[in-house]
Amino acid sequence: MQVLRSAVMSLASRSDGSLSDSCHWADVEMDLLYAADGQLAEVAKDAKTTRDPEYSKILSSTLSSILGWAEKRLLAYHDTFDSGNVYTMQGIVSLGVSAAKILVEDVSTEYRRKRKEVDVARNRIDTYIRSSLRTAFAQADSSRRASKNQPNPLPVLAILAKDVGELAVHEKQVFSPILKGWHPLAADKLEKDLVQIAVEDAVDSDDGGKAIIREMPPYEAETAIANLVKGWIKTRLDRLKEWVWNPQANQEGFALSAVETLRIIDETLDAFFQLPIPAHPALLPDVIVGLDKCLQYYVIKAKSGCASRNTYIPTMPALTRCEIGSKFQGLCVRINTLHHIRSEMDVLEKRIVTHLRNCESAHLEDFSSGLSKRFELTPAACVEGVQQLSEAVAYKIVFHDLSHVLWDGLYVGEPSSSRINPLLQELEQNLLVISETVHDRVRPSRAFSYQDSQIIEDDFKALKDLFWANGDGLPADLIDKFSATVRDVLPLFRTNTESLIERFKRMTLEAYGSSARSRLPLPPTSGQWNPNEPNTLLRVLCYRNDE
């Protein structure tokens, strides 16, 4: 305690080193206030993560003392501050607001239980303004009563006008520049009331009161309000971005994190329209654009890391005879989640229109201007994400999960003994799982004889029948659409070898001209399988069991 006392005494002394019976933090006052406020910011972080009851008890007591000290000066700030010490007001306000926010948001069990939307800073500043003005008017009223006893007293209304004018000027010049950072609304109302009084009083003058209005420069409270609300929007959006993709699904098959994200968006919209501001329609686009970007960010996170169809396509085998992935159920949950978010966009937009209808400051043009209240980024991101994830599921199952019966098994050795049935059986099981869930490199040795073409065509028919499912599956025209490429290539397997060779030579010469006469070049792999494409013909020939 002696060491602590000596340290405190040295800080509490005057800059000239002198000590008196009562020590003052005279020369380090603002630094001390700002340092204490900075320390409270660290305390706020700890309070959000600490649930120790003893810690909360001590913290509550300490913060209550700080708040009491600050509010003793702020509940009647006209008496506390003047032009000589008003520079300390901002530090005291900030300290009081910080203490109040921690007490309400992090220590109060009622706040945490009910998850109330409370703007602590605005409420406290509102209280300080109302209390101080009420006290100042009460003091002015006492002086007015005393003036009645004076000889030749002024009319009471004249005294009142003088007192209000002086108070308004003092409030605007001394205190409003400090308080507007937390709560510009009371100053805004005072300004409008005074303007209204001036206009009504001067309406019978020669110029209809224009001269008096010109003498009242606007406070520009609407600009201050807009800046304050934009700061509020940014804080809410930053909190929303903290909700990242989590694969845990609910009974409906989509991610719980999406439900929580959409709930926060609902709360944000409700809280925005409850703000006591006069310009909800003007600031609404800022809210929607911000929410739209946050949802787009969530959608991108939901589909990232899931690979694409190209991830699962096996490497092309050489033209000679010579670990990826999570469970696909997880991919299906992501698909469901994006579909759910997309469907909720219409609900959110209708809710915004309902809010506007209940908003006093909304006008007819606010409803006709659809762009101001529509989500543009998120729906497109959801559609793109569903397409990408759907392709990833399909290619993963076919080329990765079923590679042992397709890539490693189908037609390996004798085509007649390695038919498509094992693949169909496992593919059907996977398709059943999907339908219930969704709203290493080798060189295979395959050789096909001319007579094997019927086997391949029968197997392809069996594959199509699986999706047709006796009329209960996919539409026939959709199956035909996606069968077109294979249907065009299959006739090459029943074409005799000599004809294939001649066709390959002719197409290669047409593509490369006279330079290909001495030696036929190796055509590049385009991946666009076509009976009139040289690389497709070459691959059929390389698998032809014909010397």
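Where is the place of A469? Select A469 and look: this residue sits in the loop between α19 (453–468) and α20 (476–489). The model on your screen is a predicted one.

**Start with the whole chain**

Show everything as a cartoon. The chain holds 22 helices and zero strands. Switch to a surface view. The accessible surface of the chain is about 32,500 Å². Carbon and sulfur atoms account for 54% of that surface. Of the 547 residues in the chain, 37% are buried.

**Stop 1: A469**

Return to A469. Its phi is near 50 degrees, a positive value in a residue other than glycine. Most residues other than glycine have a negative phi. A469 counts as partly exposed because its relative accessible area is 31%, and that class lies between the 20% and 50% cut-offs.

**Stop 2: Y411**

Select Y411 next. You are now in the loop between α17 (377–401) and α18 (421–437). Here too phi is positive: the value for Y411 is near 65 degrees, again in a residue other than glycine. Is Y411 buried or exposed? Y411 is buried, with a relative accessible area of 8%.

**Stop 3: T88**

Now go to T88. Find it in the loop between α4 (77–80) and α5 (89–107). With 4% relative accessibility, T88 falls under the 20% limit and so counts as buried. Which residues does T88 touch, not counting those up to four places away in sequence? Show side chains for E29, M30, L33 and F81: these are the contacts of T88 on that count.

**Stop 4**

Pick out V8, which lies in helix α1 (residues 2–12). V8 has 34% relative accessibility, so this residue counts as partly exposed.

**Stop 5: the negative patch**

Finish with E498, E502, D546 and E547. Which charge gathers in this surface patch? The charge is negative. Colour the four residues and keep the surface on. E498 belongs to helix α21 (residues 497–512). Its relative accessibility is 53%, which is over the 50% cut-off, so E498 counts as exposed.

**Before you close the viewer**

T88 is buried at 4% relative accessibility, whereas E498 is exposed at 53%.

Note on methods: Residues numbered from 1 in each chain as written. Predicted model: local features only at pLDDT ≥ 70, side-chain atom pairs only at ≥ 80, totals over all residues. Heavy atoms only, no water. Patch = residues over 30% accessible without salt bridge, like charges linked within 9 Å, V, L, I, M, F, W, Y side chains within 5 Å. Areas by Shrake-Rupley, 256 points an atom, 1.4 Å probe, with all protein chains shown as cover. Salt bridge = Lys/Arg side-chain N within 4 Å of Asp/Glu carboxyl O. Lys, Arg positive; Asp, Glu negative; His and termini not counted. Charge placed at Lys NZ, Arg CZ, Asp CG, Glu CD. Helix = DSSP H or I, 4+ residues; strand = E, 2+ residues; numbered from the N terminus. Buried < 20%, exposed > 50% of the residue type's maximum accessible area, 1.4 Å probe, protein only. Contact = heavy atoms within 4.5 Å.
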